[in-house]
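Please look over the chain shown here before reading on. The paragraphs after it go from the overall layout to single residues.

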Amino acid sequence: MENILVCVTKQRTCQRLIDYGKAMMQEGDALHIVHVAGSDYTFLGDSEEHRALEFLYEKAREAGAELTVLKSDDAVETLASIVKDRHVTRVVTGASPGPLVLDSFLNRLKAKLGGSAELIIVPA
């Protein structure tokens with residue numbers, strides 16, 4: 001059994017990440033979908049954000065997963081903690097815009113995971 005974690009933002013384009021994670025699943029696997037927002041983020045602060053979160057919730061439900069939305073100023077640390085706590089074996093995330101630099105989110109996440117889970121980067 002594998003635990004697959006899909007990292008999403010509040011953008012509707014994240015549906016492709018959820019679809020990718022679901023396509024990876026085999027019988028008995030679990031799919032977890034997580035959005036980490038900064039501590040200054042106001043949940044449902046405007047109707048557009050509300051609709052985006054509702055959309056992600058619906059897509060997660062359709063995929064047989066639950067959507068977890070957390071507040072944190074250190075998304076890398078928060079995601080690494082979820083990977084450990086939920087025994088995640090694969091982490092699905094979207095590609096960063098622009099060139100991959102040494103201190104990018106994806107490089108920091110990969111280093112923090114330290115090989116405990118496979119990091120799968122889905123191109124835009």
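What follows describes the fold, the cores, and then a few side chains.

The model is a predicted one. Its chain contains 4 helices and 5 strands. Read from the N terminus, these elements follow the order β-α-β-α-β-α-β-α-β. The chain has 124 residues, and 41% of them count as buried. Contacts between residues at least 6 apart in sequence can be sorted by their separation: 75% of them join residues at least 24 apart.

The largest nonpolar core is made of 17 residues. Val 6, Val 8, Ile 18, Leu 31, Ile 33 and Val 92 have the most contacts inside this core. At least two residues of the core come from each of strand E1 (3–7), H1, strand E2 (30–37), helix H2 (47–62) and E5. H1 gives the largest share, with 3 residues. Another core, of 14 residues, lies apart from this one, and includes Val 34, Ile 82, Leu 109 and Leu 119.

Helix H1 covers residues 15–24, and Leu 17, Ile 18, Gly 21 and Met 24 are buried in it. Viewed down the axis of H1, these buried residues fall within an arc of 125°, so they line one face of the helix.

Is His 32 buried or exposed? Its relative accessibility is 14%, and His 32 therefore counts as buried. With neighbours within four places in sequence left aside, the contacts of His 32 are Asn 3, Ile 4, Leu 5, Val 6, Glu 66 and Arg 86.

The cysteines can be taken together. How many disulfides does the structure hold? There are 0. For Cys 7, the closest cysteine sulfur is that of Cys 14, and at 9.6 Å it is too far for a bond, because a disulfide needs the two sulfur atoms within 2.5 Å. Seen from Cys 14, the closest cysteine sulfur is that of Cys 7, again 9.6 Å away and too far for a bond. Cys 7 has a relative accessibility of 9% and counts as buried. Cys 14 is buried too, with a relative accessible area of 5%.

Aromatic rings form 0 pairs in this structure. One ring does have a charged side chain over it: Arg 12 lies over the face of Phe 55, 4.4 Å from the ring centre.

Gly 114 is found in the loop that joins helix H4 (105–113) to strand E5 (118–122). Gly 114 is exposed, its relative accessible area being 63%. Ala 80 is 34 residues away from Gly 114 along the chain, and the C-alpha atoms of the two are separated by 9.6 Å.

Note on methods:
Residues are numbered from 1 along each chain as its sequence is written. This is a predicted model: local features need pLDDT of at least 70, side-chain atom pairs count only at pLDDT 80 or more; totals for chains, interfaces and linings use all residues. Side-chain values use heavy atoms; hydrogens and water are left out. Rings of Phe, Tyr and Trp (its six-membered ring) pair if their centres lie within 6.5 Å; planes under 30 degrees apart count as stacked, over 60 as edge-to-face and the rest as tilted. A charge sits over a ring if NZ of Lys or CZ of Arg is within 6 Å of the ring centre and within 35 degrees of the ring normal. Buried means under 20% relative accessible area, exposed over 50%, partly exposed in between (1.4 Å probe, protein chains only). The arc is that of the directions from the helix axis to the C-beta atoms. A nonpolar core is a set of buried Ala, Val, Leu, Ile, Met, Phe, Trp, Tyr and Cys residues joined through side-chain atoms within 4.5 Å. Contact means heavy atoms within 4.5 Å.
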